[in-house]
2 protein chains.
Amino acid sequence: MRATVFHAPGDVRVETVPDAAIAAPTDAVVRVEYACVCGSDLWFYRGVNVWEPGWRTGHEFLGVVDSVGAEVTTVRPGDRVIAPFSFSDGACEFCAKGVQTSCVNGGFWGGESNDGGQGEAVRVPFADGTLVVVPEAVSNDPALLRAAVPLTDVMSTGHHAAVSAGVRRGGTVAVVGDGAVGLCGVLAAARLGAERIFALGHHDDRLAIAKAFGATDLVTARGDEAVAAVLDATRGGADAVLECVGAQSSMDLAIGVARPGGRVGFVGVPAQVGSVDIRRMFSNNIGLHGGVAPARAYLPELLADVAAGRLDPSPVLDLTVDLDGVPAGYAAMDGRTATKVLVDLTR
Amino acid sequence: MRATVFHAPGDVRVETVPDAAIAAPTDAVVRVEYACVCGSDLWFYRGVNVWEPGWRTGHEFLGVVDSVGAEVTTVRPGDRVIAPFSFSDGACEFCAKGVQTSCVNGGFWGGESNDGGQGEAVRVPFADGTLVVVPEAVSNDPALLRAAVPLTDVMSTGHHAAVSAGVRRGGTVAVVGDGAVGLCGVLAAARLGAERIFALGHHDDRLAIAKAFGATDLVTARGDEAVAAVLDATRGGADAVLECVGAQSSMDLAIGVARPGGRVGFVGVPAQVGSVDIRRMFSNNIGLHGGVAPARAYLPELLADVAAGRLDPSPVLDLTVDLDGVPAGYAAMDGRTATKVLVDLTR
């Protein structure tokens, strides 16, 4: 089969690799229809995370089950399924608690040992614990199917930020970052009933999406000026703040605009966060919750809303490529000419 | 009247100061019967926090109302009352939310502008929002009255750590620190129904109190060795961790022993915390919650348990002095010959 392979920073290629195949009775093989390129893929693409040549890429995919192992019971060949960006056994303490990203037998797609999402097929370990069947209503409607794809990662991650920040109906929310996750965070906050949503970012086109997703206030200032703008407008800060970047400046901003007694939900991979303002957190009882999103926990709930036509994060997918176009997709994400790339393998 | 006054690091004195007096119609004056010396008083006593000569000391007191302003409705002269370690108006958004330490009109005892607890009397701003009447059953029983005194700060703070860490019935808890707050954290965790409680500290006498308060496992190792001990014994960490010190090593330890999906409740003044392990928090969805304890929010609930004979943190009070003995009390706390000093002004 063909799949995307990392060669060096700035160099990913679509190549022939061994076919995905059942290796354990709990496996399934999924033929990929849609995949994505993720902002977090840029960490290895830019050489910030050190990867080895030959590692496989992509952790977001939706497709059709091709074959299953003998012990798989919840999905069958022919089912259209969606995968979260990590696999999990569905049986351990952490899966039961909804922290599937900490599954004792779990792991992440791609890298050295696993198939990646940016290829023709994926061997899925623990298919029962990992995959979710896409509802018929979604499966039969191309627009809804496209709306479902971001649930593999960015929409679930934005939702995790909102849940971790304790977004409540009628509350005031600030979302730091206008990347795909930040935009999905705005959408998640609106879905949870937030009344006022500040979107903080620096890209007019992305902030326009934020507005369409429910942001009531757009803040393009940086640093102290941005903090002052939100503190002024809210008379003391936002009840819930979503940190969707993972940089030092964004973490400082997030804690800086949180209201006393409020919470910051952080989901930006903190690759470049050296410290948090623990004194401000202490004096004001500001909590910091979140982390890598247990997308598997949220998929059923979010899929139901997609099926009902109530949730559509697909506007974040502003560039579509085919499998051969994946390297160009990385370049577009790296150059910020695309917010998020959809890889359409059905074309 | 006589009260304790800061002169210089290592030098507090009991002196004659202006009598406490009603200054606003919402004030009360409380004649102090019992006060304490707090571990956090050592920050200025040791010169870590820079204080000015002449500032008044002490933020924990219980006593009898002497007089009230015209607008005070909930306490009357003669009532025995307990104060939390901060005052609050009881009327603002944050008081309503139970974050009285962020009250828009609130403040802390002592310092430049307010009476301190370590004196004969205290002018209490916002008496209705601040003071809580001690139940008759407690007021009439010297042992229960002594049990109530730590509710002014350390018991409420230990409880805040437990609540912030999300301690649940049947859960596993680790308490970092065997000072008065850590010991009260153990007691709070036991009260909330934790099944297994690890107490981490380095003082045999204090750990003996921890055991009496409900600790099931005592850990005297430090650093990585302590982390390994708790991770091993719990097969992956404690659901709830109480950080009751405020040092870099204690914060590292707290985050290090938290279970995936768990929470650290931090209440140690983070005067010496430079960083938190944000990557471990992210990978494992470990939350960090807490801060300066809104003792006022917890006093009614905790007092009711003292009245019922179900809660007695008084074993942390291992040295009693009279008002003239306050300087000696500071010296004992500073030299770690006392865990917590009770100042008995009734003698």
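Tutor: Helices and strands here are DSSP runs, at least four residues long for a helix and at least two for a strand, and they are numbered from the N terminus. The model is predicted. With that numbering, the part to begin with is Gly98(B), which sits in the loop between helix 2 (93-96) and strand 7 (107-108) of chain B. Gly98(B) has 14 C-beta neighbours inside 10 Å and so counts as partly exposed. Setting aside neighbours within four places in sequence, Gly98(B) is in contact with Pro294(B) and Ala297(B).

Ser113(A) and Asp312(A) are 199 residues apart in sequence, and their C-alpha atoms are 33 Å apart in space. Ser113(A) is found in the loop between strand 7 (107-108) and strand 8 of chain A. It has 11 C-beta neighbours inside 10 Å, so Ser113(A) counts as exposed.

Phe126(A), in the loop between strand 8 (121-124) and helix 3 (127-130) of chain A, is not a glycine but has a positive phi of about 50°. Arg336(A) is not a glycine either, and its phi is positive at about 60°; its place is the loop between helix 13 (326-334) and strand 17 (341-344) of chain A. Arg336(A) is exposed, because 10 other C-beta atoms lie within 10 Å.

Next come the helices of chain A, starting with helix 6. The axes of helix 6 (residues 154-164) of chain A and helix 7 of chain A come within 7 Å and cross at roughly 60°. The two helices are therefore oblique to each other, and their crossing is right-handed. On the side of helix 6 of chain A, the residues that meet helix 7 of chain A include Val154(A), Met155(A), Gly158(A) and His159(A). On the side of helix 7 of chain A, they include Ala180(A), Val181(A), Cys184(A) and Leu187(A). Sorted by class, this contact has 10 nonpolar, 4 polar and no charged residues.

Helix 6 of chain A also packs with helix 12 (residues 295-307) of chain A, at an angle of about 100° and with the axes 9 Å apart. That makes helix 6 of chain A roughly perpendicular to helix 12 of chain A. Met155(A), Ser156(A), His159(A) and His160(A) make the contact from helix 6 of chain A, and Ala295(A), Tyr298(A), Leu299(A) and Leu302(A) make it from helix 12 of chain A. The classes in this contact are 5 nonpolar, 3 polar and no charged.

Helix 7 (residues 180-191) of chain A has a further partner, helix 8 (residues 204-213) of chain A; their axes come within 8 Å and cross at roughly 15°. Helix 7 of chain A and helix 8 of chain A are therefore roughly parallel to each other. The crossing of this pair is right-handed. Helix 7 of chain A contributes Leu183(A), Val186(A), Leu187(A) and Ala190(A), and helix 8 of chain A contributes Arg206(A), Ile209(A), Ala210(A) and Phe213(A). This contact holds 7 nonpolar, no polar and 1 charged residues.

Last is the relation between the chains. Chain B can be laid on chain A by a turn of 180° and a shift of 0.0 Å along the axis, with an RMSD of 0.0 Å. This is the relation of a two-fold axis. Where the chains meet, 26 residues of chain B are in contact with 26 residues of chain A. Strand 14 (258-266), helix 11 (278-284) and strand 15 (287-290) of chain B are the elements that give two or more residues to the side of chain B that touches chain A. Helix 11 of chain B gives the most, with 6 residues. By class, that side of chain B has 12 nonpolar, 12 polar and 2 charged residues. Of the interface residues of chain B, 100% are also interface residues in chain A, so the copies meet through the same surface.

Notes: Residues numbered from 1 in each chain as written. Chains lettered and ligands numbered in written order. Predicted model: local features only at pLDDT ≥ 70, side-chain atom pairs only at ≥ 80, totals over all residues. Least-squares fit on C-alpha atoms with pLDDT ≥ 70 in both. Contact = placed C-beta atoms within 7 Å. Nonpolar A, V, L, I, M, F, W, Y, C, P; charged D, E, K, R; others polar. Axes fitted to C-alpha atoms, helices over the stretch in contact; angles between N-to-C directions. Parallel < 35°, antiparallel > 145°, perpendicular 65-115°, else oblique. Left-handed = near helix turned anticlockwise from the far one by under 90°. Buried ≥ 20, exposed ≤ 12 C-beta atoms within 10 Å, placed from the backbone.
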